[in-house]
Amino acid sequence: MPRLVLIAAMCSAALVACSSAPTAPPALSPPPKLVVFMVVDGLPMRQVLAYRDQLQPDGFRRFLDQGAWFANAHYGHGHTVTAAGHATMLTGAYPQRTAIISNEWRDAKTGEPVYNTGDTAYQYIGHKTDPLAGTSPRNLRAETVGDVLREQDGASKVIAISGKDRGAILPGGHKGVAYMYMSESGEFASSTYYMASHPQWVVDFNAAKPADAFFGKAWAPLLPEAAYARSVPDGQPWQFNGGNGNKLPAVLGDKHDKPGPLFYANILPSPFGDQLTLAFARAAIEGERLGLDAKPDILSVSLSSHDYINHAFGPESRLSHDHMLQLDLQLQDFFKYLDKTVGAGNYVAVLTADHGFADTPEWAKSQGLDVGRINPTQVMTALNAGLVKKFGAGAGAWATHFSAAGILFNEKQMAAQGIKPEEMYAEAKRLLLPMTGIADVFTLAQLQSGDTVTPYLESMRKAWHPEVAAPLQIVVKPGWLFGSRPSGSSHGTPYAYDTHVPILAWGPQWVGRGEVAQKVEVVDIAPSLAKILRLRVPSQSQGQVLPWPQAAAK
């Protein structure tokens, strides 16, 4: 059966071979009135190109046919997850500087859970706030392009919107305003970090209950059945069958009498989640008058639905394939709206993703690959049993928690028994390496070393913050996933299928037109936008200005 290429490195090599070299960037133009920064959560670059022949004329193809796009764009850090990616995009900094090492982790001293944007000092406006809910950018230790813009001119606005709190808060930075989807009510809300109460346009948007319009609406395939021959059919045993089910057409709310929390939550893993987010983005443009005066503004829109769909069904699935086409149609409509409202010559649009995706292990195994799932509980049990044999029993376990891509240890117990940390870490590495699915383990000494030769050590070093991350970092083998749930897929590795993401841009006078084969990184976006906006580069940025192609003569 035809399918997506499973090893993204092969895709990358083919792209480089067929791409033309970049030419000189266009001359510096006056700043745009609006930067529209877009994220498609969980979108590997291979999916953009796999369906290129089925895309609308002016959705993703606006970038591919009329804009600048980078065929070989990657994340440089190895633990590729949503929060780490969103923190990197507009700071230009790896997690080693942003301190956003994952979506959640454990406090290295107390072992208590930490959520990337959690801050109990603030609450959602008009909505209940769970203890680990994302409410502020307190944990983000770097400034964004928007922070620099607002520092330069407080009249400029930075608005960040997403289906996920981290998808709004982290790109929004410290001085922007973030709005996130409330999955229990179908509304969008900010937090008291940003304001005491919502502006009237937000109140009006929520009062209209736009989410309710999707109750009873069907997610049906856009194309005839034969058009999906390149993807895996619905209803596979490894495809998650909760929520809206795992077959198209799927009717939202068909198990409910009226809209309620479960229905609102199930909007996100469907094309309607992005549609609702883009509707709120339109309301923000009009309510805040973004891009309509001489002061440059930034609108960040992170679209979350593709990530939920890929997690549930895998990027190889027809559901993911069709969602790409649905999203493409929505982007085309949004760009038409921007052209009319802001003006086609007044804004620059940039689209990227926070990470890629592995194919579902069960699907990949059916294609003859050595892949699978690693049960974290079993790993921790076996590890502690081995450590007891070496160091004897303590009052508690030696290895205490998984934290992001690593493992934490009982440092107090080690000190009390006179065990040197480096000896504990080295023994843990020795015990972990033979375990099924584990490719390598890096100790604190390796992470602090100058070794640039050992494969994947540098990318894991960029994902490791010395005050936040665990002293032992694990890299799984290609195609393997940590997790015990026997369905769906995930990400989080330093392999190309997770690091290779789109960097697409449109706004010819600022970015030019054409394909660029040169390898670039997501950290390059922030200094590139800073230059377009004539700002200083964010202070923690580790990127370079993107090698824009020459503007096409017309």
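1. Let's start with the open sheet: nine strands in the order E8-E7-E6-E11-E1-E12-E19-E2-E20, with mixed pairing. Strands are DSSP runs of at least two residues and helices (H or I) of at least four, numbered from the N terminus; two strands pair if DSSP finds at least two bridges between them. E8 (187-189) and E20 (514-516) each have a single partner strand, so one side of each has no neighbour in the sheet.

2. A word on the source: this is a predicted model, in which local features need pLDDT of at least 70 and side-chain atom pairs 80 or more, while totals for chains, interfaces and linings use all residues. Residues are numbered from 1 along each chain as its sequence is written, and side-chain values use heavy atoms, leaving out hydrogens and water.

3. Within the sheet, E6 (residues 158-162) and E7 (residues 177-182) run parallel over four bridges. Here alanine 160 stands opposite alanine 178 in E7.

4. Now look at serine 300, in strand E11 (residues 297-303). Serine 300 is buried, with a relative accessible area of 1% (buried means under 20%, exposed over 50%, partly exposed in between, with a 1.4 Å probe and protein chains only). Beyond its neighbours within four places in sequence, serine 300 has contacts (heavy atoms within 4.5 Å) that include Phe37, Ala160 and Pro171.

5. Finally, the largest nonpolar core has 111 residues, of which Phe60, Leu299 and Phe334 touch the most other members. Such a core is a set of buried Ala, Val, Leu, Ile, Met, Phe, Trp, Tyr and Cys residues joined through side-chain atoms within 4.5 Å. Helix H12 gives the most to this core, with ten residues.
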